[in-house]
Amino acid sequence: MATLDPATIAPPDLGEIEAAAERLKGRIVETPVTPLTAGVLTPFLPAGAEVLGKLELFQQAGSFKARGALLNLLDFSEDERAHGATAVSAGNHALAVSWAAAQRTVPAKVVMMKSADPVRVAGCKALGAEVVLADDIHGAFAEVDRIVETEGRRFVHPFENPLTVLGTATCGRECALQMPDLDAMVIPVGGGGLIAGMARAIKLLQPKCRVIGVEPTGADSLSRSFAAGSPQSLERVDTIADSLGAPKALPYSFSVARDHVDEMVLIEDAEMLRAMALIYDAMKLALEPAGAAATAAVMGPLRDALAGKRVGVIFCGSTIGEARFAELVAKGRAL
């Protein structure tokens with residue numbers, strides 16, 4: 001697949017973000033914001049902080065991914081619509097592309113890993129997509145390459161795509177408008193598409209807000225890329241948060257993130273599990289591990305630095321089966 005050159009593709013400006021938000025209006029959910037004030041939760045948050053949660057788990061298809069997926073599908077020509085869409089994903093992006101393709105009456109074929117949560121696989125099929133299962137992420141990308149070459153489908157990249165980043169920028173815009181005067185916004189990082197778009201929009205609308213990215217210790221490609229000054233790949237991904245398990249950073253999303261993100265922090269899987277359990281007990285929100293990552297960072301490595309601050313976090317998704325969720329929450333409660 002062709003590599004995007006960030007020198008030739010500027011990040012979206014505010015006018016483009018506003019236009020994208022208008023295009024998505026009525027098609028996606030303008031998700032609400034809620035303060036994290038439940039007594040079960042507040043003892044674990046930074047002292048004196050006001051923490052606000054963006055409930056993107058209520059988005060179409062269960063995660064923020066619907067925004068960029070639909071912008072991509074809206075961009076298809078008639079010929080591309082006839083040939084169809086394809087995508088590769090651990091689950092959330094596949095669900096989002098399946099949903100967006102159904103909205104546009106476009107045939108979709110998504111490639112997922114055999115380890116994907118069965119609920120996600122079933123969700124894609126229920127939306128009318130054809131699902132191909134691969135042994136691992138490398139095999140999945142190879143299969144997508146084959147599908148593009150042999151079937152002529154348009155590939156919707158999960159993060160290295162200007163329209164995908166523009167979609168996440170609409171989420172950042174909503175956050176900036178719904179949560180004025182933030183001291184910090186904390187955002188989980190997989191491939192970098194979410195934080196690139198959100199950080200761009202937030203910095204345009206709230207330039208004093210500090211944007212902080214969160215990665216699992218076993219999937220820290222963007223942290224390594226920031227340290228190296230160029231996109232880096234991981235030899236191995238090892239995290240319970242499969243939605244954050246991108247094996248590498250790529251030039252365009254890396255470039256936008258590098259120019260707008262102030263800090264990266266790492267968290268352990270155990271911290272996500274504990275946050276999942278606390279959020280469920282306090283708010284009855286059933287988050288996947290990635291969806292609890294931002295809150296885990298606020299309760300962990302960022303707790304002292306964010307004391308007394310006004311902080312935004314994003315609950316980015318909740319595409320997880322009941323049995324798997326119950327298993328992980330039980331582990332989190334035991335920590």
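This note comments on a helix pair and a strand arrangement in a predicted model.

1. Packing of H7 and H8. Two packed helices are described by the angle and the distance between their axes. Here, the axes of helix H7 (residues 162-178) and helix H8 (residues 193-205) come within 7 Å and cross at roughly 45°. H7 and H8 are therefore oblique to each other. Their crossing is right-handed.

2. Residues in the helix contact. On the H7 side, the contact is made by Val165, Thr168, Ala169, Cys171, Gly172, Arg173, Cys175 and Ala176. Sorted by class, the contact of H7 with H8 has 11 nonpolar, 4 polar and 1 charged residues.

3. The sheet. Strands of a sheet pair through backbone hydrogen bonds, in either a parallel or an antiparallel manner. In this model, 4 strands form an open sheet in the order E5-E4-E3-E6, and the pairing is parallel. Strand E5 (130-134) and strand E6 (154-155) stand at the edges, and each has a single partner strand, so one side of each is left without a neighbour in the sheet.

4. Pairing of E3 with E6. Strand E3 (residues 85-89) pairs with E6 in the parallel sense over 2 bridges. Opposite phenylalanine 155 in E6 stands threonine 86.

5. A helix on the sheet. Helix H4 (residues 92-103) lies across E3 and strand E4 (108-113). The direction of H4 is at about 160° to E3.

Conventions: Residues numbered from 1 in each chain as written. Predicted model: local features only at pLDDT ≥ 70, side-chain atom pairs only at ≥ 80, totals over all residues. Heavy atoms only, no water. Axes fitted to C-alpha atoms, helices over the stretch in contact; angles between N-to-C directions. Parallel < 35°, antiparallel > 145°, perpendicular 65-115°, else oblique. Left-handed = near helix turned anticlockwise from the far one by under 90°. Contact = heavy atoms within 4.5 Å. Nonpolar A, V, L, I, M, F, W, Y, C, P; charged D, E, K, R; others polar. Pairing = 2+ DSSP bridges.
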